Amino acid sequence: MTFFDDFKIDSMDDVIWLIDEIGFVPFFINDIEGFSLEEHMAPGHWYNDTKEGFWAAWEWKGPVINQSGCAYGKFLRGKAMYVSSKWFPDFANVRRDGYDFDARYEDGLASFDDKELYELLDANAPILSKPLKRMGNYRKGGRKGFDSAITRLQKQCYVLISDFRYAEDKFGNEYGWGIAEYSTPEKFFGRKFTDKVYNRTPEESYDRLFRQLKKILPGVEDKQLKKILSV
């Protein structure tokens, strides 16, 4: 199957099937036409313009992450993408260039601010964005740069979004937008990730990923495929 086949997604089970079948599913429209969940959603499931209205694809995100066991985060040039558990260890190996975070910092490839945020998150994972910001003093008059740092750590595959939680009113009813819950791949996947992530060289992982992208995106120029794998 390729992303250019004629198919429509109209249920959460369809999203899970697509992730398992193809491996890489960007959430939003991007530089490669057709390569997104948004472009393949059936009418009424991206946004249903009714009296109550709902954003089905958004409501499914947390359950999809946990039922499929996939990785989800801002992995595609700062935009969200699902990556199946089958392909994520190789993807993380490429994005990390074979480094765990401590080694990256020791080699001068990560800032002290990123190190502090990563260590705070890792020590408290899984953790919602609001308490993470509070614990790290990311607030008016305090530290700045949370959004940039958390996005950078996701792009490098040291952090992912493990779920979405909703605020509740006094009656226990959920409301508003889902709040991102962050974790590390090591904490989220456990040994399924740690036993595999550095098994190959980054170059070997890159070759495997590139072949899969060629398969699911036939006819797309190599330079565009390489952008998917680059940080």
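Reader: What does the accessible surface of the protein come to, and what share of it belongs to carbon and sulfur atoms?

Author: Accessible areas come from the Shrake-Rupley method with a 1.4 Å probe, and for residues only the protein chains shown count as cover. In this predicted model, the accessible surface is about 12,100 Å², with 47% belonging to carbon and sulfur atoms. Residues are numbered from 1 along each chain as its sequence is written, and side-chain values use heavy atoms, leaving out hydrogens and water. Local features need pLDDT of at least 70 and side-chain atom pairs count only at pLDDT 80 or more, whereas totals for chains, interfaces and linings use all residues.

Reader: Which secondary-structure elements are there, and how compact is the protein?

Author: Helices (H or I, at least four residues) and strands (E, at least two) are DSSP runs, numbered from the N terminus. Here there are 13 helices and six strands. The radius of gyration is taken over C-alpha atoms, and the globule rule is 2.2 Å times the number of residues to the power 0.38. The radius of gyration is 18 Å, close to the 17 Å that the rule gives for 231 residues, so the protein is as compact as a globular protein of that length.

Reader: Which residues have the most contacts inside the largest nonpolar core?

Author: In soluble globular proteins, nonpolar side chains tend to be buried together. A nonpolar core is a set of buried Ala, Val, Leu, Ile, Met, Phe, Trp, Tyr and Cys residues joined through side-chain atoms within 4.5 Å. The largest has 70 residues, and Phe24, Tyr82, Phe88 and Phe91 have the most contacts inside it. Helix α1 (residues 12-22) supplies the largest share of this core, six residues. Contact means heavy atoms within 4.5 Å. Not counting residues up to four places away in sequence, Phe91 touches Phe24, Phe75 and Cys157, among others.

Reader: Where is Thr184 found, and is Thr184 buried or exposed?

Author: Thr184 is in the loop between β6 (174-183) and α10 (185-189), and is buried, with a relative accessible area of 0%.

Terms used. Buried < 20%, exposed > 50% of the residue type's maximum accessible area, 1.4 Å probe, protein only.
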